[in-house]
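Me: I would like to learn how to read a helix in a protein model, and then a loop. Could you take me through it step by step?

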Amino acid sequence: MNQQQPPAPFSLVAEITHRCPLHCVYCSNPLELRLAEEELPTEDWLRVLEEAHTLGVVQLHLSGGEPLLRTDLETLVRRGRELEFYANLITSGAGLTRERAEALAACGLDNVQLSIQASTSDRNNWIGGRKSYQEKMAAAEIIRDSGLAFSMNVVLHRLNLDQLDEIIDLCAAWGAERLELANTQYHGWALVNREGLLPTKDQVLRAETVYERKKSECKGRMELIWVRPDYYEPFPKPCMGGWGQIHLIVGPDGSALPCPAASSIRMLHFENVRDYSLGWIWRESPAFNQFRGLDWMPEPCRSCDRRFQDFGGCRCQSFALTGDAARTDPVCQWAPDHNLVETAVAAAQQQDARGTRAASKNVFRQFTYRPDPGLARTQPR
């Protein structure tokens, strides 16, 4: 346990459902998806919002799954406005009607972030496991007409990275004010499908060149955000800005997490908002305090100057690849387990640029999937 009190969380990510009409092969949701009957009821979510406000939260991100499937979404947005949150809806666009968008805007929604899977209809539909391209195009028009701030997001990987130029042009044409180009983080379904999703180094380098050029071209019209792929970096990113430092996630069933993938760490028990207040969970719960500060760090992190920048990297990635969340993130070039990342990258280099063979093995996100307990881990300890 840390002796110092943590800072107030800046944002609450409310994953109000795991239900979703899409079946994306890169989905970061856990493999064990929560069913509708396990979801928090409206009154509990309203209490969570009030406790988040008391705790000092500023931003509210309504996510899923597909949050539009919750019929109480407007109620949650309205309460978020009353509590003076900046409210952002993260959606696939599937099921968004003009009436729904107008209602959400009237309730106080500030921003909509719409996802796209690729620049072409066929590839977008295949990656998402649903014919959603036309729905997304219609949703973009509806969002623009509603007067809401409009951003877009695309998760990049082997199957769409070569379309980056066209993806950026498409999002600009659809009217996005901001575009997040997020290279896949290998958690959840993306880790299961890593063989078919991990791009080659040449793909990444070409995409970075495209990004720099398009960033200049789009200046003043659309902001571009580039999230580099971990596996091609010498050092890891800080885990959500530091474990239990900035972001607070509440899952559909009420489990409170320091990051969206944390439920995969079986060595930790995460408390539920049905049983404890959000304030107690954030400040006092063992799981949230487990990796705060520096005392938990192993070598080489403990003696490394970068410990103040990346905080030892991603705890979920460490667990996924080594079976121990307290290990140095294997992405780090100095990590004892860095060979696990090197092996994955080497395998990616041996495949053809589109990854056709590996892509054919991809597992689409589904509620009925029951993985082998050792499947996601590269080298169980």
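Reply: Begin with the side of α9 where T209 and S216 are exposed; exposed means over 50% relative accessible area, buried under 20%, and partly exposed in between, with a 1.4 Å probe and protein chains only. This is a predicted model, in which local features need pLDDT of at least 70, side-chain atom pairs count only at pLDDT 80 or more, and totals for chains, interfaces and linings use all residues. Residues are numbered from 1 along each chain as its sequence is written, and side-chain values use heavy atoms, with hydrogens and water left out.

Me: Which residues of α9 are buried?

Reply: Helices are DSSP runs of H or I with at least four residues, and strands are E runs of at least two, numbered from the N terminus. In α9, the buried residues are Q203, V204, A207, V210, Y211 and K214. Because they fall within an arc of 125° seen down the axis of α9, they line one face of the helix; the arc is taken from the directions from the helix axis to the C-beta atoms.

Me: What covers the buried residues of α9?

Reply: Contact means heavy atoms within 4.5 Å, and the cover includes α6 (164-173), β6 (178-183) and β7 (223-227).

Me: Now the loop: is N272 buried or exposed?

Reply: N272, which lies in the loop between β9 (256-257) and α10 (278-284), counts as buried because its relative accessibility is 13%. Leaving aside residues up to four places away in sequence, N272 touches D253, G254, S255 and I281.
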